[in-house]
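Okay, thanks for staying on, everyone. Let me put this one up on the screen and walk you through it.

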Amino acid sequence: MTSVTKRTSPNVIVDRDKCIGCDICVQVCPMGILAMDKEKKAYMKYNECWYCLPCEVDCPVDAITVEIPYLVR
Ligand code: SF4
Ligand code: SF4
């Protein structure tokens, strides 16, 4: 029997040490799921990522990693 594993970790991962708080990822995300926290670091506010990747591509310091689930690759 196959088991179903529910993903609990966010699939858009922000390296807080690298993030310079430029807000670009927040602006380019068509889903509006990214936001800035009180420390001016980006984070995934809503878990509705479409894996379109402009956030990862446009981040000037490569702070974003989008984990694409195996089934949508
Ligand atoms: S991959 Fe697309 S939908 Fe997901 S956070 Fe980045 S810009 Fe937004
Ligand atoms: S684009 Fe990169 S550096 Fe800018 S706020 Fe987003 S994660 Fe941080």
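So, ligand 1: there are 13 residues around it, and those that come nearest are Cys29, Cys49, Cys52, Leu53 and Cys55. By near I mean that one of the residue's heavy atoms lies within 4 Å of the molecule. That shell divides into 13 nonpolar residues, no polar and no charged. Nonpolar here covers Ala, Val, Leu, Ile, Met, Phe, Trp, Tyr, Cys and Pro; Asp, Glu, Lys and Arg count as charged, and the others, Gly among them, as polar.

Before I go on, this is a predicted model: local features need pLDDT of at least 70, side-chain atom pairs count only at pLDDT 80 or more, and totals for chains, interfaces and linings use all residues. Residues are numbered from 1 along each chain as its sequence is written, chains are lettered from A and ligands numbered from 1 in the order in which they are written, and side-chain values use heavy atoms, with hydrogens and water left out.

Now the fold. The protein has 2 helices and 4 strands, and along the sequence they read β-α-β-β-α-β. Those are DSSP runs numbered from the N terminus, helices being H or I with at least four residues and strands E with at least two.

How many of the 73 residues count as buried? It's 25% of them, where buried is under 20% relative accessible area, exposed is over 50%, and partly exposed is in between, using a 1.4 Å probe and protein chains only.

On to the largest nonpolar core, which has 15 residues; Val12, Leu34 and Ile64 touch the most other members. A core is a set of buried Ala, Val, Leu, Ile, Met, Phe, Trp, Tyr and Cys residues joined through side-chain atoms within 4.5 Å. β1 (12–14), β3 (42–44) and β4 (64–66) are the elements giving two or more residues to this core. Take Leu34: leaving aside neighbours within four places in sequence, its contacts (heavy atoms within 4.5 Å) include Val12, Cys29, Cys55 and Ile64.

Asp23 isn't a glycine, yet its phi is positive, near 80°. You'll find Asp23 in the loop between β1 and α1 (24–28), and it counts as partly exposed because its relative accessibility is 25%. Tyr51 also has a positive phi without being a glycine, about 60°. Tyr51 is in the loop between β3 and α2 (54–58), and at 22% relative accessibility Tyr51 counts as partly exposed.
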